[in-house]
Amino acid sequence: IFGRYMPGNSLVHNLNPAMKILISFYFIVIVFFANNYLTYALLFFLCFISLYLSKIPFGFFLKGIRPLILLIIITVLLQLFFSAGGHIYFSFWIFKITSLGLISAAYIFMRFMLIITISTLLTLTTSPLAISYGIEKILSPLKKIHCPVDTIALMISIALRFVPTLTDEATSIMNAQRSRGVDFGNGNLIKRIKSLIPLLVPLFVSAFKHADELSVAMEARGYSPEMKRTKFKSYLIGMNDYISMMLFFVISLMIIFFRN
Amino acid sequence: KLQVRDVVYIGMLMALSFIISKFNINTQFISIRLAFIITVIIGYSYGPIWGASIAGISDILFTFINGQMYYPGFTVSAVLTGFLYGLFLYKNKEAKFSHIVVCQILIVVFVNTILNTLWLTLLYNIPWQTIITARIIKQLITMPIQIAIIFLILRSKNLKKLLFRM
Amino acid sequence: MHKEIIFKNVDYYYQHDTPYEYKALENVNLNIPIGSFTSIIGKTGSGKSTLVQMLNALIKPTNGSIEIDDFKINSKTTNKNLKPLRKKVGLIFQFPEKQLFADSVREDIAFGPLNFGMDESKIDSVVEESLKLVQLPLSIMNKSPFEISGGQMRRVAIAGVLAMKPEILVLDEPTVGLDPKGQKFIMNLIHKLHVEQNMTIILISHQMDIVASYSENVVIMHNGKVVAFDTAQNIFSNESLLNKYDLTLPSSIKFYNQLIANQLPLNESVPMHVNQLGDQIIKMFS
Amino acid sequence: MLNNIIEVKNINFKYNDSETKTINNISFNIKAGEWVSIIGHNGSGKSTLIKLLDGLVQLDSGTISINGDEINEKNLNKIRKNIGLVFQNPDNQFVGATVEDDIAFGLENYQFSRDEMIKIIDNVLDLVDMKKYRKHEPSKLSGGQKQRIALAGVLALNPKILILDESTSMIDPQGRNNILNVIDEFSRKSNMTVISITHDVEEIKLSNRVLLLSNGELVEDTSPEKLFENVKDLEEYALELPFSAQLSKYLIKHKLQLPNRYMNEGELIECIKKLYLKM
């Protein structure tokens, strides 16, 4: 499975992808403005509402953030030990746990959880295809300065279309080389880099062969990069999009107001 | 100016960057990310503007698809890296060693060391002094490996035939 | 020492323990005799490729085990010490030319043997021998594997596996995408290896004419299960069995059945290829 | 009298990096509604020939007219709309990330409106019996299914000519039959011309006419029956004799009194039966 999209039919799933990406961006930026418990609480409130509305099972969501747990722990520990100041609770060799350290560890933990929650939620509720559509829409004002947005959109969709194909191919090339005695992921640095050559060379060769033939097929189907094309895919911007946008905007104003 | 083939090639290279990032080499001390090879290839074949745009878009797209934590600062770094590779390597047939070295040093100093450290200090809320030494040491180890790989790609006749079809 | 490759209660789940889990093999029990030519048939997605990849421990059974000689593969098998097994069982994948990577044909063929620790000094003779087996001129050795024709690429890839001197050769659709002449060449090569070197052959194929003409045993797979395993003669005599699993009859048997339907007295066993059918017809006239 | 939908006159073509001509002075006409097989060994120029027909590579000399229009740089778009091309590897012609997106790709290029697209996609998915796969991704389809989508994608534009470039050689027998049936039916209904590059005798048997290429030259322009009967070294042209021909060859070699001409399976059975009853 490519990406971690979880198909569904919730309000969050059905938001316009461009809008969803913009809102996520906006959210990540306002996270950095939060600096006291109230402002963090507001942001968590927003996250929980979104999560609830997405109808994603909480367990599944937790599984989704599992790969990031190590990162969170390390960060929290870093904070705990390195931002000194205030009352000292515990001290061992160069490590000290201080009141200030505890507070900043708590803040950083919350900041991480927020960014991760919103990124994960976006991933779980938006298919790769919808993400590419969203990026295309966000870039579309650039058409005015003659930026080839449609062409870029096609590049992205070709990329997404071939990720599963190339993944399968990479697996089968690896298997073929394994049965010829290659040990992937073993040995020292040089040995590891070397063991990638029998994987990467065939992978590139195959990818470019796909590319050569696909470009002929696309030309045969009447495509040319400069032409005008109509669009099959379309996502409407509905009432829900406006409401969510407003909600995020209002909360961000509150954060500006309540921060220290 | 772009042919149909170029559109498909860039799309395919983006897909490749996603795939090969799964084969990053992680040892106890350092990790080598392979996707920079793709940025080099795009920069060499299509120049700084395409290099920068595709690097930025790939960063956003794949971070979201993978469900990693998104942070806009790293998109800025990716864009700059793509731009620099394009600026120095675009249609650089001779691929002079000095060009590659200067290019990689600029990337290491401005992007990897200054910018990325800045993003990390902002993101993790830690003073830069605590991580800068470790980061510099890591850069000093990976830089020669990256230079060697770029040099190999741009200078090996066989690899060039396979990787650059335009 | 076993005289058989033994699959014992083998299950395999893709993405085990995830929401995407899906069962690719279910309770497979199969004993393939060493030294035989066994074909595996079944629709796309029936689990054929999954099954044969287990012979090299590329994937390991979720439950159950596989025994090949002294090797036992089960869910606990680690990736260490697999080299002797992988040397013994040569795998030729679909479109094997996709595995070519080296600067020269020679280097590519030598890759496997070198990985398995063959002496540098013996490499040249092994490469030459393999090229002769696949009937390519030695002059091709120093060419890049990407500069030769598609048919030649496939032969070089096969030579690369043969150079490892496997005792068991597993082939997944080795003739797909080749023209009839190329197909015949590959099948004759496999047949020759089987007859002359007594190599155990396990072949996956969709082409019933090929399966019928060459194999001794046939396995039918359907939805991850082995639903039939018998001699080729018995399998292909059982038309309703083949129909049940959406498999076609070989041309020779189709024609034979039509002759029988026309009340011609061909009372022998079903013919496995055109010459056998021809012989039966001639016998009918004598 | 049927019109010539394709007229090829004295065409020549050579690739830049090659020393010999890939296409050497070929001329032929194809009538609307014909099903023509093109055969020949690898490197005989078959694939180049069809790329020339679609204007995907440019002629060195000679002319090609499609539906009355001589191919030049300006009318490529019109020419290509008349011609649907299905290639060998189903993976290398799938542009869209889902089935419906892929079929839409060609329609978007010819600027159909969204409403038209929805209708057309519905129709062609019905035609190739893939309606329930509409939202599926290509990686979840079998080779045969992908090839059916490729076919749907070109039929969506209602082409006058369908060209198959070894389109069935990489898929399993059921998939192959399935596709050939769809094409057969569609071409009869809409008088679509079919040109197919193939190594497969079953496919050749479907055609009215066979063009045999060798080293860039057109060496035979004949019917399937005559081909199986007259051409001695079919294997040299990357073909295998049909089963009935193989069998009668073997029987004749073993002194059975069969007529020395090509017979299809039915004819051969009749012949053997007669012979047996006479005995």
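Residues count from 1 along each chain as its sequence is written, and chains are lettered from A in the order in which they are written. Because the model is predicted, local features need pLDDT of at least 70 and side-chain atom pairs count only at pLDDT 80 or more, while totals for chains, interfaces and linings use all residues; side-chain values use heavy atoms, with hydrogens and water left out.

Start with the helices (DSSP runs of H or I, at least four residues, numbered from the N terminus). On the α7(A) side, the contact (heavy atoms within 4.5 Å) includes A:Leu154, A:Ile158, A:Phe162 and A:Leu166; on the α1(B) side, B:Val7, B:Met14 and B:Phe18 are among the residues involved. By class, the contact of α7(A) with α1(B) has 18 nonpolar, three polar and no charged residues. Nonpolar covers Ala, Val, Leu, Ile, Met, Phe, Trp, Tyr, Cys and Pro; charged covers Asp, Glu, Lys and Arg; the others, Gly among them, are polar.

On a 1 Å grid over the protein atoms alone, a cavity is a set of points where a 1.4 Å probe fits but cannot get out, a pocket is an open set with protein on both sides within 12 Å along at least five of seven lines, and lining residues have an atom within 4 Å of a point. Volume is the space filled by probe spheres set on the points, which are joined across faces, edges and corners. The second largest pocket comes to about 1400 Å³, and α8(A) gives the largest share of its lining, twelve residues.

Five cavities of 30 Å³ or more turn up in the whole structure. The largest cavity, about 380 Å³, has 17 lining residues, with A:Glu136, A:Leu154, A:Ser157, A:Lys233 and D:Glu108 nearest its centre. That lining has seven nonpolar, three polar and seven charged residues. The second largest cavity holds about 80 Å³.

Conventions. Helices (H or I, at least four residues) and strands (E, at least two) are DSSP runs, numbered from the N terminus.
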